[in-house]
Amino acid sequence: MSVETLEFQSEARQLLQLMIHSIYSNKDIFLRELVSNASDALDKLRLESYRDKDLQAETDDLHVEIAIDAEARTLTVRDNGIGMSREDVVGLIGTIAKSGTAEFLRQLKETQDAAGSQDLIGQFGVGFYSSFMVADKVTLVTRRAGTDEGVRWESEGEGTYTIEPVEDAPQGTAVTLHLKPADDEDHLFDYTSPWKVREIVKRYSDFITWPVRMVKQNPLEPDSADADAEAGAEKAPELETVNSRQALWARPSSEVSQEEYHEFYKHLSHDWNNPLETVRMQAEGTFEYQALLFVPAQAPADLFMRDSKRGVQLYVKRVFIMDDCEALMPNYLRFVKGVVDAQDLSLNVSREILQQDRQIRMIRRRLEKKVLSTVKSMMTEDAEKYSTFWREFGRAVKEGLLDDPENRESILEISSFASTEDAEKPTSLRDYVSRMKEGQEHIYYLTGESRTTIENSPHLEAFRAKGYEVLILTDPVDEMWVDSVPGFDGKPLQSVAKGEVELDPASEEQQTEYTDLLSWMTTTLADTVKEVRLSSRLTTSPSCIVGDTHDVTPTLEKMYRAMGQELPQIKRILELNPEHPLVTGLRAARTENPDDASLAETAELLYGMALLAEGGELADPGRFLKLVADRATKAL
């Protein structure tokens, strides 16, 4: 019955420092750990009582209680759960004492296996020892359900801890923290403040299944535990439950109203508006999790800011783990808010470990597919709601065409694009394909800075004349993904401003007639173009500039330069309309007087007009204006 004093191994203090400063940057979460351990103990007792009908245990009022003694500066978290025997205390609470060796530290630092890392840092003792962030001494009294003898464990987190048997210990576990003085500079709050403790419970443990109770506060009394102590001298203080125990994601959807979902969304997102869509998921089997996700009705102002927060909240067994868990949601769905509650993860998991965790990756894949399928349903069942979604988040979603090859087809299915078919209504690729002309093999598109610029582009002339629909792509991300996506539904994507488009190719006779002019202009404009050729894109304009199939577009080139990335000069191709009077006139003039110096100026004007028509910038605007003015003067 004597007190045993046991020594920590020499590395114990180093390990405590690692736990406190590396894993627990926020000191408030010591209470999350203690309440979570208490909740686990209650879960275990409930399960054990189901399995062992002869277990002598009290199960009528399972709960967690938090008691504060401001005068003694102690905070106690007690439960009436499964409790621990002496062997349990040494094996579980003594985890760091047993594992606090150089070998443990080496494994924790060197392990590359995510599951192994979780096993190492997710043991009971790690969370329990976070108490030493806020306490000079920790005392634990426990009795295992069904046994008669209790155990008392105590340590100051230094070189030793004591363990001894105790009589008359209640069933369950009580952890008493002898608190350090408050220290604002060290972010060490006054944890004898009932208000502060309630705030922590509401933030981190609000959805714990079991009631978490504290002494009921009289709103007229000051925020201090002193009044509670005085009241206790006269009569037993009245307790109240401080956590809501309302895990919406765990309740059947039939029992949750839209108003409750909306209020929960506003609580999560700090958005004043109701969400556009609510998404629920539940998975059972190899690994279990529940998810409650929300698609906002309006894009946040920081949607495209580099340092914007993203990701959903992560819970483990209803215990809050972290905000903005980026590992659970891809960047292109960063606007999605919500909660994921996983059953089989460690409470002490870090963001780095989450990135590598196999279960997290599987959950993420399923969440992605669920959100995309929800948007697809929205697209077919509620056009107005889908229209709002795409207007607010379409630009972000299209980033997934670059970042998420696995779901590229699904993203293309839910995407909408402006087109020449309808000036007001965007089209899906599925609808575009259904309208394709007989014999049309490609999905045509044109990128640019605005719809007006694209609609006035000479590149569209022949397509418009033949009734071919062209997608109008004006978002900056469009310049990127069109080169990564080969096509849709077996139909290749084709820029109307790149490569050769054989709509009405020039006849052999025209090719022969223009051979000399094309060769001469290619030489004359060699500093700015790589080739001059006849065009099948033009019906009314004299010329246009196109790129080779794999050339960077002018808009993308501007984007790179704006980001400080200098590119080598990209020479493009000048195409001529063989039916236009200016072009036929130039050919005739060159045939009659090939040495006329003014012909080179005409060639330069044809190139400049083509460049301006697509919204490009002239290298020497002053020279171009002088050429135009001279020609206008001669025409008078």
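In what order do the three strands of the open sheet run, and what is the pairing? The order is β21-β23-β22, with mixed pairing.

This is a predicted model, in which local features need pLDDT of at least 70 and side-chain atom pairs count only at pLDDT 80 or more, while totals for chains, interfaces and linings use all residues. Residues are numbered from 1 along each chain as its sequence is written, and side-chain values use heavy atoms, without hydrogens and water.

**View 1. The open sheet β21-β23-β22.** Strands here are DSSP runs of E, at least two residues long, numbered from the N terminus, and two of them pair if DSSP finds at least two bridges between them. At the edges sit β21 (529-534) and β22 (543-546), each pairing on one side only. From one strand to the next, the twist averages 25°.

**View 2. β21 beside β23.** These two strands run parallel and are joined by five bridges, with β23 covering residues 572-576. Look for Val529, which stands opposite Arg572 in β23.

**View 3. Helices on the sheet.** Helices are DSSP runs of H or I, at least four residues long; contact means heavy atoms within 4.5 Å. Angles run from 0 to 180 degrees between N-to-C directions, using axes fitted to C-alpha atoms, for helices over the stretch in contact. Helix α20 (residues 508-524) lies across β21 and β23, at about 160° to β21. Helix α23 (residues 598-613) touches β21, β22 and β23, and its direction makes about 65° with that of β22.
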